[in-house]
2 protein chains.
Amino acid sequence: MVARGKSILKDLEKDVVAINNALTANLQTHVPLIAEVGRHILLSGGKRIRPLLFILSARMCGCQGNHLNGFSTIFEYLHAATLLHDDVIDTASVRRGASTANTIWGNQAVILVGDFLLAKALSLAVTTNKLQVLQVLSQATTMMAEGEILQLLHAGNLKITEAEYFEVITRKTAILMSAACQIGAILGGVPAESEEALSQMGLNLGITFQVVDDILDYTGDERELGKEVCADLREGRVTLPLIHALAQASPVDRERLAAIAQALTPELAPELRSLIDKYGSLDYARTVARDYTLKAQENLKTFPASLEKTYFGAITEELLARTH
Amino acid sequence: MVARGKSILKDLEKDVVAINNALTANLQTHVPLIAEVGRHILLSGGKRIRPLLFILSARMCGCQGNHLNGFSTIFEYLHAATLLHDDVIDTASVRRGASTANTIWGNQAVILVGDFLLAKALSLAVTTNKLQVLQVLSQATTMMAEGEILQLLHAGNLKITEAEYFEVITRKTAILMSAACQIGAILGGVPAESEEALSQMGLNLGITFQVVDDILDYTGDERELGKEVCADLREGRVTLPLIHALAQASPVDRERLAAIAQALTPELAPELRSLIDKYGSLDYARTVARDYTLKAQENLKTFPASLEKTYFGAITEELLARTH
């Protein structure tokens with residue numbers, strides 16, 4: 001059992017070190033700038049959630065071995081590719097407390113290194129020698145791009161519905177975590193139902209992850225988050241807490257919420273937060289996140305007890321409880 | 001035999017229509033903006049060279065059927081993805097005589113639709129059910145990204161060597177044409193030597209294509225090209241004619257060439273062209289292109305006579321002789 005209050009990620013530190021080594025090793029290219037930008041985005045932090053989900057899923061399904069570290073980089077490279085393109089799109093200057101790659105190397109190089117990492121991820125997936133892995137991964141990549149475009153189309157849209165919000169976060173975030181878990185299961189060669197259960201677990205866990213992220217944008221500590229609060233809203237992303245508050249608010253409060261959301265300044269942030277609090281919208285979002293955590297844990301039920309299953313249970317709790 | 005003076009592409013018009021239909025059909029997505037941007041970049045012209053190379057290669061290798069049209073879109077989608085990202089990177093406003101997608105929909109949407117098309121291409125490649133197809137394609141995609149980054153790194157570099165130039169154009173242009181031919185061969189299930197010969201043919205043909213493109217940037221008709229002359233140089237791309245002229249020029253002329261290249265205006269373009277002519281640099285580049293055409297034709301030698309082989313021979317000639 002994992003001790004309460006102790007981060008599960010501590011227990012997996014050895015795996016994280018192995019993942020980090022593989023991330024550097026697989027970044028071999030004869031174009032030094034690619035490795036440089038790649039290292040910047042890959043090694044400037046990050047919890048390696050996606051590679052860990054893959055490794056744990058594969059192990060739980062009976063696939064062991066150090067080769068998993070190499071394959072696990074597929075998911076971090078894909079993730080890093082979307083981060084690089086996101087930063088260009090958001091014209092972001094800070095991520096995880098550090099300068100974004102685009103401010104250092106310019107948008108041009110960053111777009112192209114994103115393309116490189118995406119292509120590299122798919123090249124590495126080919127080395128699993130399983131067509132089904134490529135099927136899941138290329139479909140996930142397609143859906144991720146659709147999710148990012150949907151998010152862009154909804155930028156500044158105060159009329160976005162909860163259903164539309166969930167569609168965006170499922171595609172832009174949850175699909176890749178789902179793919180990491182499912183591909184672990186595919187390597188383990190488990191029956192279709194188990195593969196599907198792990199795919200679903202990854203999806204539910206990914207939704208939890210994003211909803212919590214969106215809550216933290218309102219409640220988090222700037223230093224811990226490594227970015228400004230309400231940064232999402234300032235970039236036009238209307239997320240669950242605000243969607244809920246807008247739906248529940250009195251006409252007067254709704255008008256005020258909309259006015260603040262459209263022209264948010266640091267001075268207005270406290271008023272925005274207190275309005276969102278007034279309608280219990282953060283608690284509502286927390287309940288939603290908790291529901292998806294429970295769904296993820298439900299997806300694990302049919303698997304026999306194992307160390308990996310325990311880790312998965314602890315990770316679901318930790319993703320729900322995280323503060324940054 | 002193909003009649004002299006008549007475009008080989010006329011003979012393949014039925015195939016081009018089928019390719020265009022497949023390009024639209026495969027662009028099904030529930031995000032209308034993707035289809036809109038996709039149609040803009042895909043249906044605003046283009047000779048469908050890459051899909052045709054694939055289809056002809058597959059047929060010559062004994063793989064027939066209408067499903068080839070669908071697979072052929074893989075190569076056009078990948079190409080379109082790089083065009084979209086290129087236009088953002090070059091901040092281009094005109095391509096093929098029409099406004100670029102980024103000026104209509106903005107960089108953000110265009111970067112993401114590029115990502116979508118890249119992912120879509122790999123998803124479609126999975127439907128061939130051949131892991132080797134994915135291997136060739138994902139490696140080609142990785143190398144293309146490297147080529148684009150190398151090109152960016154060499155932007156404005158008047159000291160770029162011929163070898164460096166060939167490395168850039170091989171990766172950014174020839175590799176995808178090579179992959180189209182090789183993947184056609186893989187679907188045909190021919191022996192490894194034939195597959196390799198077609199891969200090499202595509203590579204040599206791709207180098208011809210790019211060298212001719214780079215010549216046309218100096219000599220072409222603006223209206224026919226659908227872009228301004230010397231557009232490449234204005235975007236910092238130092239290509240074969242200028243590389244040759246800089247290497248051959250007298251110290252005085254070299255200095256003048258460099259000065260013009262660094263601050264090119266439409267008024268200086270005629271002087272630039274006459275200096276390049278003075279050192280026979282356009283003829284030199286034409287000879288290089290002709291050499292690669294001959295290599296491509298040599299790669300076809302071991303294949304028995306067939307309609308497709310005739311078409312390939314004519315295409316190599318046409319790519320060499322094209323004026324836009």
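Predicted model: local features only at pLDDT ≥ 70, side-chain atom pairs only at ≥ 80, totals over all residues.

Colleague: Which rotation superposes chain B on chain A, and which residue of chain B has the C-alpha nearest the axis?

Modeller: Chain B is brought onto chain A with an RMSD of 0.0 Å, by a rotation of 180 degrees that carries 0.0 Å of shift along its axis. The two copies are thus related as by a two-fold rotation axis. In chain B, the C-alpha nearest that axis lies 2.9 Å from it and belongs to B:L131.

Colleague: Do the copies meet through the same surface or through different ones, and which helix gives the largest share of the side of chain B that touches chain A?

Modeller: Of the interface residues of chain B, 100% are also interface residues in chain A, so the copies meet through the same surface. The contact draws 35 residues from chain B and 35 residues from chain A. On the side of chain B, the elements that give two or more residues are helix 3, helix 5 (67–90), helix 6 (101–126) and helix 7 (131–153). The largest share, 14 residues, comes from helix 7 of chain B.

Colleague: How do the residues on the side of chain B that touches chain A divide into nonpolar, polar and charged?

Modeller: Sorted by residue type, the side of chain B that touches chain A includes ten polar residues and four charged ones. The remaining class on that side, the nonpolar residues, numbers 21.

Colleague: Where do the buried residues of helix 2 of chain A lie around its axis, and within what arc?

Modeller: Helix 2 of chain A, residues 13–25, reaches 18 Å from its first C-alpha to its last, close to the 18 Å expected at 1.5 Å a residue. Its buried residues are A:D15, A:I19, A:A22 and A:L23, and what covers them includes helix 3, helix 4 and helix 5 (67–89) of chain A, whereas A:E13, A:K14, A:V17 and A:A25 are exposed on the other side. An α-helix has 3.6 residues a turn, so residues three or four places apart point the same way. Seen down the axis of helix 2 of chain A, the buried residues line one face of the helix, because they fall within an arc of 105 degrees.

Colleague: Is A:R48 buried or exposed, and what is its phi?

Modeller: A:R48 lies in the loop between helix 3 (32–42) and helix 4 (49–60) of chain A. With 25 other C-beta atoms within 10 Å, against the 20 or more that the criterion asks for, A:R48 is buried. Although A:R48 is not a glycine, its phi is positive, at about 60 degrees.

Terms used: Residues numbered from 1 in each chain as written. Chains lettered and ligands numbered in written order. Least-squares fit on C-alpha atoms with pLDDT ≥ 70 in both. Contact = placed C-beta atoms within 7 Å. Helix = DSSP H or I, 4+ residues; strand = E, 2+ residues; numbered from the N terminus. Buried ≥ 20, exposed ≤ 12 C-beta atoms within 10 Å, placed from the backbone. Nonpolar A, V, L, I, M, F, W, Y, C, P; charged D, E, K, R; others polar. Expected span 1.5 Å × (residues − 1). Arc of directions from axis to C-beta.
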